[in-house]
Amino acid sequence: VSTEDVDVNAEDVNVRTQAGPSCPSCGAPLQAEDRFCERCGARVDDEGSTEAAETRVELDLTIAAAVSDQGLHHHRNEDSFHLAVTGERNVAVVVCDGISSASAGNVAARNAAQAAGVVLDKSVADPDKDASQAILDAIQAAVDAVIQVEWTTRVKRVDPSCTLVSAVCRGGEITVGWVGDSRAYWFDREEAHQLTVDDSFAEEGIAKGLLTPEQAAKSPFLHSITNWVGPDAPERPPRTVTLRPERPGRLVLCTDGLWNYAPSASELGGLIDALPRGAAPAAVARALADMANDRGGHDNITVAVIDIDP
Amino acid sequence: MSTFTTECDQNEYLPLGGSEVNAIVTVTSDGAAGETSQPEAAEIVIIDTSGSMGAPRRKLEAARKATSVAIDCIRDDVAFGLIAGTEVAQAVYPTDGTLVPASAQTRADAKIALRRLKAEGGTAIGSWLTLAGTLFATVPGRSCHAILLTDGENQHETDDHLDGVLSELEGRFQCDCRGVGTDWKVSELRRIASGLLGSVDIIAKPEDMAGDFRTLMETAMGKATGNVSLRLWAPQGASIAFVRQVAPTIEELTDRAVQVNDLTADYPTATWGRESRDYHVCINVQPRDAGEEMLAGRISLVEGEETRARALVKAIWTDDQRLSTQINRGVAHYTGQAELADCIQEGIDARRDGDLATATFKLGRAVQLAAESGNDGTMKLLQGVVEVDDAATGTVRLRQNVAAVDEMSLDTRSTITVRVGPGAT
């Protein structure tokens with residue numbers, strides 16, 4: 001979700017154009033001589049450690065891997081993820097995208113992914129726990145975590161918020177839940193599916209027959225999301241979908257920093273097919289993030305890849 | 001123009017997950033004032049002339065003499081006036097509802113007015129302060145200071161009324177309060193002094209009054225800088241646990257915050273001469289990751305909108321316990337001094353209520369803290385109230401017969417602190 005594109009509740013949203021240096025921790029504008037951020041207090045001069053924040057985070061768990069990359073145009077990474085493999089092949093994954101027109105979007109995304117991850121990890125280990133319910137619980141935990149981001153009320157800006165897509169893979173069943181426009185895809189040797197439907201004006205326009213998919217792709221509202229995780233979110237329940245794949249394949253979760261450059265399932269699937277057969281999830285995740293950077297890297301990019309063998 | 005300097009003493013290392021940042025900030029003013037930057041001042045002396053001031057007679061006589069000494073200390077051209085207080089307030093000099101510039105002539109006239117004072121009537125301190133506020137309002141833009149002398153309790157007004165007057169007058173003038181004899185209430189005068197950013201003390205013997213008034217007036221005349229505020233910025237997500245002056249006396253400032261913007265508040269510190277004060281600031285911040293450093297607070301001395309000096313309070317998170325568990329000496333010392341003042345006040349209250357167990361425990365702890373910190377002045381005052389068996393363990397016995405003046409002196413001066421000395425831990 002990029003700054004220029006979000007336009008939900010236009011009168012509330014303070015759309016900022018990024019000009020001049022800004023704090024890597026909270027995004028507040030900085031003066032050249034500042035040693036500490038005037039808003040959040042983070043050390044911002046060269047001796048500080050915040051400046052040295054990683055521009056890319058990778059996690060390789062063999063059957064599952066995730067990469068989160070700052071991209072080429074943003075001054076910090078407002079995406080965040082959680083990935084855990086337990087038991088034989090049980091996977092819990094969460095991908096969040098901080099909304100950068102809001103305050104502390106990075107904190108919102110980080111806290112949401114962490115909170116949801118804690119709940120999912122616990123639920124995956126409990127065979128009696130229904131996966132859909134586990135995901136709904138995890139998203140609720142994320143909402144609670146974001147609401148607790150303390151600076152929500154201290155400045156007159158948009159409350160911290162983020163998107164969230166998460167999945168539980170257990171016993172040959174994949175359950176996906178989401179809020180916002182981060183996506184999940186399924187790829188196997190015969191099929192390429194987008195499992196999620198964006199919570200966006202564009203998708204709603206298509207669903208209501210107001211826009212064709214082609215029009216939607218060019219619409220300025222493509223990235224205007226209609227649901228998100230945050231204190232000011234509309235009261236709409238998260239959506240979930242369950243899949244029982246018949247063949248081995250790959251589950252891919254990503255933020256719009258990736259899918260902007262390959263919007264349809266077939267385009268993304270084509271990119272994966274171009275990789276050497278049997279590429280490990282980590283190799284796939286890296287290749288996809290690199291592809292997004294090669295094509296412009298306009299936004300933060302986060303992608304999680306999970307190998308499924310039912 | 002006075003120069004302010006600041007020094008910040010803290011252990012900036014916090015354990016992982018730690019959020020409480022403490023710092024002692026020392027602010028020093030050199031009190032240097034050129035002819036031109038000397039603030040335009042105004043002075044009022046408020047003298048209690050209730051009936052009790054005439055008994056013994058020398059009380060009013062001493063008050064006249066002390067006020068007369070104070071008048072002689074007032075610089076030429078400082079606007080001044082005298083108020084006599086009973087159940088009503090009366091401007092006894094000048095009598096036309098204004099203040100007059102000090103000169104040989106006006107000083108002499110004021111002393112004549114002093115001689116006419118009679119001791120009769122009650123005590124309504126709120127009305128005296130209100131009149132002082134009205135008179136000060138006739139000389140806008142000046143740095144205003146009053147000395148209030150009383151020998152009794154506020155009889156003709158409710159506590160609520162007095163509180164209302166104090167909040168109305170806060171920031172309009174500074175008021176040093178003096179209680180003569182032992183028939184006044186320490187808590188009441190402390191409330192007034194603290195509300196009006198002044199000091200409170202006991203004058204046990206009427207003959208000591210003149211010397212005290214001279215010191216007060218000379219100090220007031222030595223103030224080179226008018227209204228100065230301590231400005232505290234704290235980052236988003238942080239909260240101010242407390243801001244407290246800890247030297248030379250303890251004054252809670254936390255509730256006096258005047259919000260400047262979302263992240264910044266001003267705390268009043270009134271006028272400054274050549275002096276040094278310490279402040280203990282405690283801020284709760286959002287914990288960060290190991291190795292991260294942040295600015296937890298920035299303290300500035302501001303006069304008007306001009307920043308005179310700055311100090312930075314920092315936080316660095318570390319998993320090295322050797323760093324994070326070091327307790328800063330200054331913070332520990334002043335935490336002890338604040339506890340000392342609390343113990344004394346709670347001990348005296350308990351003693352008054354007949355709860356001798358609590359009184360013994362609290363005053364014993366006070367003795368222990370005074371001994372540890374080398375606060376000899378307070379220790380001496382404590383010994384007037386308790387028999388010290390072992391200062392190190394705080395073993396004390398309450399004295400059977402305690403002179404009212406000893407107890408009131410201890411109570412009044414319980415907030416006087418000492419700085420970290422070589423013998424302190």
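User: In what sense do β4(A) and β5(A) pair?
Analyst: This is a predicted model. In it, strand β4 (residues 90–98) of chain A pairs with β5(A) in the antiparallel sense, and the pairing extends over eight bridges.

User: Which residue is the bridge partner of D97(A)?
Analyst: D97(A) has T163(A) in β5(A) as its bridge partner.

User: What about β6(A): how many bridges join β5(A) to that strand?
Analyst: Seven bridges link β5(A) to strand β6, residues 173–179 of chain A, and the two strands run antiparallel. Within β6(A), T175(A) is the bridge partner of V168(A).

User: And what do β5(A) and β6(A) form?
Analyst: They form a hairpin, with two residues between the strands. G171(A) lies in the turn and has a positive phi of about 55°.

User: Is β5(A) buried or exposed?
Analyst: Nine of the nine residues of β5(A), residues 162–170, are buried, so the strand is largely enclosed by the rest of the structure. Buried here means under 20% relative accessible area.

User: Which residues lie on each side of β5(A)?
Analyst: On one side are C162(A), L164(A), S166(A), V168(A) and R170(A), and on the other are T163(A), V165(A), A167(A) and C169(A). Both faces are covered, as all of these residues are buried.

User: Stepping back, what does chain A contain in helices and strands?
Analyst: Chain A has seven helices and 11 strands. Of its 310 residues, 57% are buried. Among contacts in chain A with a separation of 6 or more, 66% are between residues 24 or more positions apart.

User: Now the interface. How many residues of chain B and chain A are in contact?
Analyst: The contact involves 17 residues of chain B and 16 residues of chain A. The area buried between the two chains is about 1600 Å², with carbon and sulfur atoms giving 42% of that area.

User: How many salt bridges are there between chain B and chain A?
Analyst: The count is two. R43(A) forms a salt bridge with E293(B), in which the closest N and O atoms are 2.8 Å apart.

User: Which strand gives the most to the side of chain B that touches chain A?
Analyst: β17(B) gives the most, with four residues. By class, that side of chain B has seven nonpolar, four polar and six charged residues.

Notes
Residues are numbered from 1 along each chain as its sequence is written. Chains are lettered from A and ligands numbered from 1 in the order in which they are written. This is a predicted model: local features need pLDDT of at least 70, side-chain atom pairs count only at pLDDT 80 or more; totals for chains, interfaces and linings use all residues. Side-chain values use heavy atoms; hydrogens and water are left out. Buried means under 20% relative accessible area, exposed over 50%, partly exposed in between (1.4 Å probe, protein chains only). Two strands pair if DSSP finds at least two bridges between them. Contact means heavy atoms within 4.5 Å. Buried area is the accessible area (1.4 Å probe) that two parts lose on being put together, summed over both. A salt bridge is a side-chain nitrogen of Lys or Arg within 4 Å of a carboxyl oxygen of Asp or Glu. Ala, Val, Leu, Ile, Met, Phe, Trp, Tyr, Cys and Pro count as nonpolar, Asp, Glu, Lys and Arg as charged, and the others, Gly among them, as polar.
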